[in-house]
Number of protein chains: 4
Amino acid sequence: MSVSVFDHPWLSALLGDAELARQFTIEAELRAMLEFEVALAMAEAELGFIPIDAAQAIATTAMSFQPDLAALAAGVARDGMVVPDWVRQLREAVGSSHGVHVHLGSTSQDVLDTSLVLRLRPALDTLAARLNAFDSRLAALSADHGTIAAMARTRMQRAVPITWADRIAAWRAPLARHQKRLQDLKPRLLVVQFGGPVGTLDKFGDKGPSVAAALASRLDLAVPASAWHSARDVLAEFAGWLSLVTGSLGKIGQDIALLAQNEVADVTVTGAGQSSAMHHKQNPVLAETLVTLARFNATQVAGMHHALVHEQERSGAAWTLEWMLLPQMVVATGVALARGLALLDALRINDKH
Amino acid sequence: MSVSVFDHPWLSALLGDAELARQFTIEAELRAMLEFEVALAMAEAELGFIPIDAAQAIATTAMSFQPDLAALAAGVARDGMVVPDWVRQLREAVGSSHGVHVHLGSTSQDVLDTSLVLRLRPALDTLAARLNAFDSRLAALSADHGTIAAMARTRMQRAVPITWADRIAAWRAPLARHQKRLQDLKPRLLVVQFGGPVGTLDKFGDKGPSVAAALASRLDLAVPASAWHSARDVLAEFAGWLSLVTGSLGKIGQDIALLAQNEVADVTVTGAGQSSAMHHKQNPVLAETLVTLARFNATQVAGMHHALVHEQERSGAAWTLEWMLLPQMVVATGVALARGLALLDALRINDKH
Amino acid sequence: MSVSVFDHPWLSALLGDAELARQFTIEAELRAMLEFEVALAMAEAELGFIPIDAAQAIATTAMSFQPDLAALAAGVARDGMVVPDWVRQLREAVGSSHGVHVHLGSTSQDVLDTSLVLRLRPALDTLAARLNAFDSRLAALSADHGTIAAMARTRMQRAVPITWADRIAAWRAPLARHQKRLQDLKPRLLVVQFGGPVGTLDKFGDKGPSVAAALASRLDLAVPASAWHSARDVLAEFAGWLSLVTGSLGKIGQDIALLAQNEVADVTVTGAGQSSAMHHKQNPVLAETLVTLARFNATQVAGMHHALVHEQERSGAAWTLEWMLLPQMVVATGVALARGLALLDALRINDKH
Amino acid sequence: MSVSVFDHPWLSALLGDAELARQFTIEAELRAMLEFEVALAMAEAELGFIPIDAAQAIATTAMSFQPDLAALAAGVARDGMVVPDWVRQLREAVGSSHGVHVHLGSTSQDVLDTSLVLRLRPALDTLAARLNAFDSRLAALSADHGTIAAMARTRMQRAVPITWADRIAAWRAPLARHQKRLQDLKPRLLVVQFGGPVGTLDKFGDKGPSVAAALASRLDLAVPASAWHSARDVLAEFAGWLSLVTGSLGKIGQDIALLAQNEVADVTVTGAGQSSAMHHKQNPVLAETLVTLARFNATQVAGMHHALVHEQERSGAAWTLEWMLLPQMVVATGVALARGLALLDALRINDKH
């Protein structure tokens, strides 16, 4: 099926992103969930909460565990999330003697949130690399064509002449800030979620922080000040960052679409799109796409902020809302950066003087 | 892939809807696009714009036409939409003598928007039927249990006693208004899109309205006052309707989640969800889901209103934004109604007196 | 103070609207609240619930009642709304024997929501009249200049020639639908709110509907199917209508800003704005303002839909959110229509052939 | 007038904030605008662009300059912003010989954006101090009552026991992150805006950066990498920060409203609000208000992100949208922190064991 453009057989050619979407396949989810449970078992064995044999049995089982997807789906329909049935299946697969040690002291949200973080980590790397490539491409464009005269336009009217170096510098300024923001954000985001049923690691007595530290260390994540089951500010901040990035690119796309108007013709977008009815047209599809994605993320970011009102020790309603919004925002941002780079590659600056 | 919960292998068990999602498969899209082209060819033949043989050849080809999906995807990446390449393929399939008559006087937006309307039509029927079923289930609940005493709560505090009949009447009142609104909206929504390249049917001289009427008649759609390529108010209105429906159900879901709190226990939600860590719990998952879907649609509706700022005779940017939002809103609404009905089936009203 | 542009000493010259803002002054609020209480007292006297002398005393007091505003503000800080303290003051003003009959069987929300409806009524008339004037101005523009050749532009590129009559027809099409929608909406919106403490008119036995009818009749409002304390769909629908209107005008504003670009110059906006630095510029300020207001309302409408999740028999949180959003949306719409008309007056279509 | 709750005579008692609103009065705006022009003149004199006598005349005039407000309003209606007419008036006040040196090389956006930053600076201090006070109050609450047993509730159902120290720790965790984010954000936000007509300081040859540095130094602001006329990411980031803060407080408010339910009674909110109809009620108005403000800001933040699509070298449309949204968000955040502190003061934790 293809309710979403990101999963659509042909729209995803414009609006999808295989590399980022890969982090939101069930293969990636299941792998990260297993990674969590194995690291947890190892950490718990290390600290004496479960037998080392059990931890090794869990690790061994994880290597080849293939859950019954239909049962998982039925579990989601009933429980609102996949973990209870998945843990049940994993315990069965591990077997009767050791299976009972799976997921000890943990809760669904620990698995799902940590799984999300583990998959956001490579996504962040991809986004940062693309942002860098996009910025570098702009730098090269400025180096190559920065001396070409341009006309500044304010409030949709011709203002006074500038150069393309000026224009590109204005486009680039926020990109450097986005990289800085990502560095600020990463230590807050790349943290383990581990709190147990109600966020207090109550099964571990005073050893809770030690288990959390051992778990995080095995996953190469940091340990947050406390479990963030109900404090979702970092995810909303991250959503904001995604929308800042697409907003900056949407501004560039809007500018290019305006500059490529026939009467203006300050730029040409080569390889531009065709019309089914008017063969003379060269539609700046990639530029428009950047605008679309900016407005898409600007819309979604509100939902992530509404999800901050996360009642009590865990809200099913607010949490599920994140699932509906955040993956789409991540992919939309990746798409914008990829299409943005293609747009810059297709951009020809016209020296009209 | 599964960036979206609606297309996700297991989350769709809670948040997906096979019946409505079917309208957003490529099979349904392609079928509706062909339906448009066949009806157009027939209408044009009827009015003498193309040979009747050509129209019949198009109709015959349409019965078995299977486009090259990879080429369609490449077309979308280039053109921003599927139509140019799809028309090219369809013309080839129809063959050299008649193929040239495919899509005559039409434009991409005519095909895609009409295809959307043709697929929204059964979706509206589904939604109306579900809304009716949901309302009837509430009526039955009131008939069966309406005399049970209830406690009204305002501003989160106990107010004064009411009955369950009172509460259910308050829940039902907006549902009747939603049905009325849908009746008001339908004549605006179930219309053909047909304007040609720039909305003026310029290929048909003064016969444009006649072709539009013949086309609409064959598709059993109405003819709007004018092509709506750039006037997207009806889609935004429809999005608003969808969000009104999910909002009303979200209110009911929120109420039930509050009533099902252990300390309140005015209702029991049977078959409620389990926790991976706390086996005594009965989580009112369906009730929470209604809240999630209400907030999801309330978020998206803003984007559909931003898409009203649709520049000039057609905006690629604003149009594409609709594609990203509206299908999800339709399915979210269907999901809310389906899960809402399941929630009512699971609801037990506790007579505590 | 002037946190809001609508109340700002100089920004309101562009973004404010004295005629519509008048409905949101405390003078108008207090007058409508008194209108409610007097009509209620009269209706209750008519049906024998309070002495006719009491009703007359209330009506007489209302003619000159001036509440202590500082006490009202203190009441809001404590109670979250103005009614409890205002009723207390009104009862005191009416005096000991009759004062007790003020507000009988009613609740704060009855007063405040009905007061809102009473003030929205003239606002609707203003909006409808302005919408009509705007549409008529477009019709005149088309009659006068419709034959001038224009260039259609799709996806920001020149498409094929049309006429200005075509363009204006596309601009006008949604306006007629907005008038129709307003007619559909009015019977749902212009209704009394009257439910008593928990929406059931419990103080009146089986005479509740009769009191409601008598009250509504005196206020020249309709009686809804039930009190809408917690069913806020009509207000969200109305917010959607406001945003549809500003969206349609925002599209026109965006088009005019694009058409007025120096290189395009299909139109001239006379009397356009100046720059503090570049005296040659003619900024299409009014056109930009329409875009701003469209995006403002498109943003706010989401909040009105979130307010549909109105918990239990009355939510303080969701209700208060409406107060923060809806008045601004009403005024923004009025501003858009007023500035839109001024923009059309300033518009010169250039015949470049 | 009082379209906005923030400027409303009685609603502002609950939803307004005199201290923060003070930064959005015209007195504060005019003062900051003058501060900019005086600092600019001094910087330009320092670097030899204008005579020192002119700079001193400007500074002297600024001390007592009272613009004609009606003329400013007329200027806004015409120019879309106040600066052109205000500069004209200021030049007249300075007088014929020196007046010409006012605003040299600057543009409207330089004045208005820098004025905003100058006024946000004390607002940030206020917000940070209130955030600190709120956090400290929570710390004290935990120190005093942290050992009281509490019941964790997940998905609206009783989970397992925790302590109040656990709950309060979860509430506090995001607050520390908010303080850290503010420290990250401040160097990006507290910068001068100075670019001249099109962002390039073209009037100053290669001395542009020196003038900017001298100007910034006199205003005690930093110098950004470049003028940010069209790169509005920092304002959107700041809006996101405001909404993160209100979101965290909204979560606490929601929790308290749930805990204060009669059947739950884990807390009592003393001094709670009254009903006009039900005198036994104690409405947790302050707790609800925090939820309202969270949803208000979550709604507005989307608009600030849409304003990132800021076309060309300056967009009137996108810029004006910021004016409509950001001041409200700042005040809403201040209100939430102030009411939040009052709520904590009114909170009594019930030890039910």
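## The C–D interface and the fold of chain A

Across the interface of chain C and chain D, the rule finds 0 salt bridges. Keep in mind that this is a predicted model. What the two chains do have is 14 residue pairs in polar contact between them, both residues of each pair being at pLDDT 80 or more. Here is a quick tour, starting with that interface and moving on to chain A.

**Where chain C meets chain D**

- About 6,000 Å² is buried between chain C and chain D, and carbon and sulfur atoms give 68% of that area.
- Sorted by class, the side of chain C that touches chain D holds 40 nonpolar, 22 polar and 6 charged residues.
- Chain C brings 68 residues to the contact, and chain D brings 68 residues as well.

**Chain A: secondary structure and dimensions**

- You will find 13 helices and 4 strands in chain A.
- The C-alpha trace of chain A spans about 80 × 40 × 35 Å along its principal axes.

- Chain A has 353 residues, and 71% of them count as buried.
- Carbon and sulfur atoms account for 54% of the accessible surface of chain A, which comes to about 10,100 Å².
- Looking at contacts in chain A between residues at least 6 apart in sequence, 75% join residues that are at least 24 apart.

Conventions: Residues numbered from 1 in each chain as written. Chains lettered and ligands numbered in written order. Predicted model: local features only at pLDDT ≥ 70, side-chain atom pairs only at ≥ 80, totals over all residues. Heavy atoms only, no water. Contact = heavy atoms within 4.5 Å. Buried area = accessible area lost by both parts, 1.4 Å probe. Salt bridge = Lys/Arg side-chain N within 4 Å of Asp/Glu carboxyl O. Polar contact = N/O pair within 3.5 Å; in protein donor to acceptor, adjacent residues only side chain to side chain. Nonpolar A, V, L, I, M, F, W, Y, C, P; charged D, E, K, R; others polar. Helix = DSSP H or I, 4+ residues; strand = E, 2+ residues; numbered from the N terminus. Buried < 20%, exposed > 50% of the residue type's maximum accessible area, 1.4 Å probe, protein only. Areas by Shrake-Rupley, 256 points an atom, 1.4 Å probe, with all protein chains shown as cover.
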